[in-house]
Amino acid sequence: MNNRQLTGMLIKRGIISLPELKNLENLATESGESIKDILLKENRLDENQLVDILSEQYNVPRINLNELDIDPNVISLLNPQFVSRYHVIPISRIGNTLTVAMVDPSNMNAQDDIKFLTDYNVEVVVASSTDIDAAIAKYYGASSVKANSKFGDITFDMEDLLKEVDSVQITEGDFEEGANLEDTIKDSGDAPVVRLVNMVLLDAIKKKASDIHVEPYEKSFRVRLRMDGVLYDTLHPPRHMMDAIIARFKVMANLDIAEKRVPQDGRIKIKIGREEAMDFRVSVCPVIFGEKVVLRLLDKSNLQLDMTKLGFFTDQLEIFKDAIHKPYGMVLVTGPTGSGKTTTLYSALSELNQTDVNISTAEDPVEFNLEGINQVAIREQVGLTFAAALRSFLRQDPDIIMVGEIRDFETGEIGVKAALTGHMVLSTLHTNDAPSTITRLLNMGIESFLVTSSLNCIVAQRLGRQICKKCKVELEVPKAELLKLGIKEEQIANGYQIYQGKGCEICNGTGYKGRIAFYEVLKMSDPVKDAILNGASSMELKELAIQLGMKTMRMSANLRLLEGVTSIAEVVRNTAPDE
């Protein structure tokens, strides 16, 4: 229950008066405690009153746990670490419904996790914190009360689970000979393996990771998560469990469990509680000590389609919007893998997606399904290449075409011709900055006059991590260090503040939470087009664009640094200095 709801109920019951409310709010702000905790500490509110308020507010029954004798089979449905972390206790099961006593009946995360763990529907009753502590001590042991999970957001107990997994002995075999194929399929369905794989997937979702790396080595086996663009070592399952765990991932992705010699690609779709289904794109690649599995999380709820929140500065956004809203032409987004190009393109498509236009996309693979847009998944093994899809689109009465990537001369030439014949074409390239994209197109064999006639603008980007707002602290940085980064004297003349994150539970101790794009937007103005036709190098084009007002990626990153959004380390890691 939020403070406003609670204070409303407290005033209604006469526990506090309206004039007292302001003083309590000030005290809560100063102490960092909630109004509820202050009132409980001052004995102005007792637990029974609080339970009554919660019961009334959420229309759930209240219960006295001291009067119950809970079935051990019900208790065993939730482990000690889980009940301690969420402050809950299972009390009965009837059919497919599990009744759980909670201190906070509004905690939907706990209810969803219980449903996920037990596969039962959840009904909630409310009990006092003291009663739940006593019940946890009674049924799970005194040491379980208020225990903290070492792994924070993970709803399973990792250490206990690994002990359980470690007790399952699996003989490693050679799949090519098929010696232990049946055993591996059987072992991949064993409860410890299934629970461990589920735990890894759930942990990645809760930590908002973008990728999961499952990696076998000669004497070890590890799981890493990519969070905010950086890989973190999170788990080392027993080496002898490697085949069973990888087999489990392959079974879930409908891949050939017996094939270990060639790469395979698939998808896993899982639903957790009431949340929207989560897609994982699965890639399995044979390496010298087994198979490496990489899973990309495709979370549509995290897809940012609002251009104003991607990281564009106002002048950059105006150029980009003007370019995509022209009746024809080409807009290119460049950057390395994982730099957010797809998100930028999807945000542009979302802006352009109206009932009076026909939009078709060719993607490898299709990451997110967008309503109202015709999306084609590239399948090169059957001849459906980017060039083939692009040719087909031109016979489909298109207005706007998005090509996932221009990889060769054929795709680039068709895209340019489409842009010149009345279509808006959006696509990506892998180049380091915006001016070098021109050089790349020319090197592909596309004539310079075609490039200048078709291109509207080029956007280059990188993703930098944002400093966690919860643990953000000021950092003393000498002025000389900022000047080395390329920040101008006049930008820091009136003083400056640089920040870093010290690490907290919100950011998993990293000091960073979320990412923001650093953009470089090159407008194809007449002077730039003239320079291209005169054979200017990418360095000369960059110097000209800066003179015309273009912000380089380093400039954009430096401005975010001075705004306190990112850190010096992220500026240096993601952008090259302007020479």
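1. The protein exposes about 27,900 Å² of surface, and carbon and sulfur atoms supply 47% of that area; accessible areas come from the Shrake-Rupley method with a 1.4 Å probe, and for residues only the protein chains shown count as cover. This is a predicted model, in which local features need pLDDT of at least 70 and side-chain atom pairs count only at pLDDT 80 or more, whereas totals for chains, interfaces and linings use all residues. Residues are numbered from 1 along each chain as its sequence is written, and side-chain values use heavy atoms, with hydrogens and water left out.

2. Of the 579 residues of the protein, 49% count as buried, where buried means under 20% relative accessible area, exposed means over 50%, and partly exposed lies in between (1.4 Å probe, protein chains only). The protein has 23 helices and 18 strands; helices (H or I, at least four residues) and strands (E, at least two) are DSSP runs, numbered from the N terminus. Among contacts in the protein with a separation of 6 or more, 65% are between residues 24 or more positions apart, a contact being heavy atoms within 4.5 Å.

3. Seven strands form an open sheet of mixed pairing, in the order E12-E11-E13-E14-E10-E15-E18. Its edge strands are E12 and strand E18 (512-523), each of which pairs on one side only; two strands pair if DSSP finds at least two bridges between them. Neighbouring strands of this sheet are turned by 20° against each other on average, direction ignored, with axes taken as lines fitted to C-alpha atoms (for helices over the stretch in contact) and angles running from 0 to 180 degrees between N-to-C directions. E11 and E12 run parallel and are joined by four bridges, and Ala362 has Val376 in E12 as its bridge partner.

4. Leaving aside neighbours within four places in sequence, Glu367 is in contact with Arg267, Arg281, Arg296, Leu298, Thr342 and Tyr346.

5. Two further polar contacts can be checked by eye. His87 lies in the loop between helix H6 (80-86) and strand E1 (88-94), counts as buried because its relative accessibility is 13%, and has a side-chain polar contact with the side chain of Asp133 at 2.7 Å. Asp52, in helix H4 (residues 47-58), is partly exposed with a relative accessible area of 29%, and its side chain makes a polar contact with that of Arg62 at 2.6 Å. Asp52 and Ala127 are 75 residues apart in sequence, and their C-alpha atoms are 9.2 Å apart in space.

6. The structure holds 24 salt bridges, each defined as a side-chain nitrogen of Lys or Arg within 4 Å of a carboxyl oxygen of Asp or Glu. A network of salt bridges links Glu215, Arg222, Arg224, Asp233 and Lys292.

7. Asp315 forms a salt bridge with Lys551, with the closest N and O atoms 2.6 Å apart. This pair links distant parts of the chain, 236 residues apart, with Asp315 in helix H13 (residues 314-324) and Lys551 in the loop between helix H21 (538-547) and helix H22 (553-562). Asp315 is partly exposed, its relative accessible area being 32%.

8. Lys260 forms a salt bridge with Asp243, the closest N and O atoms lying 3.5 Å apart. Because Lys260 lies in the loop between helix H12 (242-252) and strand E7 (264-270) while Asp243 lies in helix H12, the pair ties together parts that are 17 residues apart in sequence. Asp243 counts as buried at 11% relative accessibility. Ten of the eleven residues of H12 are buried, so this helix is largely enclosed by the rest of the structure; among the buried ones are Ile245, Ile246, Phe249 and Met252. H12 is followed by Asn254, whose phi is positive, near 55°.

Terms used. A polar contact is a pair of N or O atoms within 3.5 Å; within protein, one must be able to donate a hydrogen and the other to accept it, and residues adjacent in sequence count only if both atoms are side-chain atoms.
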